[in-house]
Amino acid sequence: FFQKTRTAVKNWFTLFGWSNGQNPISIPYSLRRDVCKIQMASSEEKGFKRGLGKYTKTLYDMIFHLSGELLPSITTSQSLHLDPVERICQLHCEHSTLLAFIKSKGAYLPHVKPEFLLEPDDYRKWIQVQTGDMDELRKGGMENSDKDLFILEDGSFETMSKQAWTDVLLQIYKVFVLPRVSSCKVTDLFSLGKTHSMPSIKSDPLSSNIYSPHERTILNWLNAHYEKNRKTVWRDCQKGEVPPMRWIVNFDRDLLDGLVLAAQVASYCPYLIATHFVRMYTNPRVPEHFLHNCLILVNAMNAVNLATGIKV
């Protein structure tokens with residue numbers, strides 16, 4: 001489940017997380033690596049810098065694109081110190097700033113520590129700095145924080161880092177992307193025709209402990225389009241009658257048969273009805289029917305270049 005979640009997050013941020021088109025990412029590898037425009041060369045002892053170029057996209061470019069804000073004291077052309085201890089302390093400070101910034105926007109990340117966002121080698125150096133003598137700690141400009149230190153073995157750290165970066169991206173999506181959802185057009189849809197007979201889902205913040213108001217607005221949007229279009233889309237269905245009215249209350253079980261999502265696509269691309277959606281099972285009963293419907297749905301999405309990397 002976690003692997004599928006991480007893949008979905010990676011695909012979305014690759015496609016939509018950046019300005020000027022796609023930018024492939026990997027979780028956590030490219031996110032840990034691409035935090036600055038200038039990085040150390042492979043041999044730190046030589047003290048060289050390696051320029052990544054102005055076209056290199058960093059994590060902070062993504063934050064600026066999605067939020068329209070720069071992090072305090074951090075620029076998109078960030079460079080790193082050459083001194084190893086100062087470099088580690090700088091990275092830790094930047095990750096602390098990142099977490100504080102998205103938390104101030106409503107992110108919930110009490111389990112993610114800044115050091116979990118470091119590269120494995122940097123994490124080991126950070127632990128060495130934190131457990132070193134006071135002279136070394138003062139050199140790095142940090143206070144002793146042994147009482148809050150959470151030391152992980154190499155294998156455990158990599159697992160924790162993947163989880164931390166995935167959760168950070170999910171929270172970035174929650175606080176910067178979901179709030180763009182507007183309920184105005186959904187309300188207009190419910191006022192059309194007979195859709196008023198279907199009860200709407202309340203967007204009140206206290207009406208659900210699972211979905212946010214923005215997610216419940218999307219559920220309303222799904223309900224409105226499905227009820228408005230089901231009789232039109234499957235009026236001439238080849239594999240069943242018009243599907244019955246339903247109330248869509250979640251993003252997993254209620255979408256499994258492909259019919260709800262097909263109704264949404266048909267709202268914007270009605271020409272796909274005759275070429276694709278009339279061949280769907282409107283009362284699927286066995287796994288083969290579900291697979292058949294989802295194959296048609298994905299093919300329809302690909303036909304209009306809505307290629308989000310989703311698997312059937």
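User: What is a cavity, and how many of 30 Å³ or more does a search of the whole structure find?
Analyst: A cavity is a set of grid points where a 1.4 Å probe fits but cannot get out. This is a predicted model. A search of the whole structure for cavities of 30 Å³ or more finds one.

User: Which residues line the largest cavity, and how many of them are nonpolar?
Analyst: The largest cavity holds about 50 Å³ of space. Its lining consists of Trp 18, Asn 23, Pro 24, Ile 25, Ser 30, Leu 31, Asp 34, Lys 57 and Leu 59. By class, two are charged, two are polar and the nonpolar ones number five.

User: How much space lies in the largest pocket?
Analyst: A pocket differs in kind from a cavity: a pocket is an open set of points, while in a cavity the probe cannot get out. The space in the largest pocket comes to about 2,600 Å³.

User: Which residues lie closest to the centre of the largest pocket?
Analyst: The lining has 48 residues. By class, they divide into 29 nonpolar, 12 polar and seven charged. Closest to the centre are Ala 8, Tyr 173, Phe 251, Leu 255 and Ile 310.

User: Which helix gives the most to the lining of the largest pocket?
Analyst: Domain 1 (1-42 + 53-180) and domain 2 (186-304) each provide at least three lining residues. Several helices supply at least two each, including helix 7 (154-176), helix 9 (213-233) and helix 12 (287-303). With nine residues, the top contributor is helix 1.

User: How many residues apart are Trp 12 and Tyr 173?
Analyst: Trp 12 sits in helix 1 and Tyr 173 in helix 7. Both also belong to one aromatic cluster with Phe 13 and Phe 16. The pair links distant parts of the chain, and the separation is 161 residues.

User: Is Trp 12 buried, partly exposed or exposed?
Analyst: Its relative accessible area is 22%. Buried means under 20% and exposed means over 50%. Trp 12 falls in between, so the class is partly exposed.

User: What kind of aromatic pair do Phe 101 and Phe 176 form?
Analyst: Their centres are 6.0 Å apart, with 35 degrees between the planes. Stacked needs under 30 degrees and edge-to-face needs over 60.

User: Is Phe 101 buried or exposed?
Analyst: Phe 101 lies in helix 4 (residues 84-104). Its relative accessible area is 8%. The cut-off for buried is under 20%, so Phe 101 is buried.

User: Which residues is Thr 97 in contact with, leaving aside its neighbours within four places in sequence?
Analyst: Thr 97 is found in helix 4. At 17% relative accessibility, Thr 97 counts as buried. Beyond those sequence neighbours, its contacts are Leu 71, Pro 72 and Ile 74.

User: Why is helix 3 described as largely enclosed by the rest of the structure?
Analyst: Helix 3 (residues 59-67) has nine residues, and seven of them are buried. Among them are Tyr 60, Met 62 and Leu 66. The buried residues pack against helix 1, helix 2 (29-33), helix 4 and helix 7. Helix 3 is largely enclosed because of its buried residues, seven of the nine.

Note on methods: Residues are numbered from 1 along each chain as its sequence is written. This is a predicted model: local features need pLDDT of at least 70, side-chain atom pairs count only at pLDDT 80 or more; totals for chains, interfaces and linings use all residues. Side-chain values use heavy atoms; hydrogens and water are left out. On a 1 Å grid over the protein atoms alone, a cavity is a set of points where a 1.4 Å probe fits but cannot get out, and a pocket is an open set with protein on both sides within 12 Å along at least five of seven lines; lining residues have an atom within 4 Å of a point. Grid points are joined across faces, edges and corners, and a volume is the space filled by probe spheres set on the points. Helices (H or I, at least four residues) and strands (E, at least two) are DSSP runs, numbered from the N terminus. Ala, Val, Leu, Ile, Met, Phe, Trp, Tyr, Cys and Pro count as nonpolar, Asp, Glu, Lys and Arg as charged, and the others, Gly among them, as polar. Domain bounds come from an automatic or database domain assignment. Buried means under 20% relative accessible area, exposed over 50%, partly exposed in between (1.4 Å probe, protein chains only). Rings of Phe, Tyr and Trp (its six-membered ring) pair if their centres lie within 6.5 Å; planes under 30 degrees apart count as stacked, over 60 as edge-to-face and the rest as tilted. Contact means heavy atoms within 4.5 Å.
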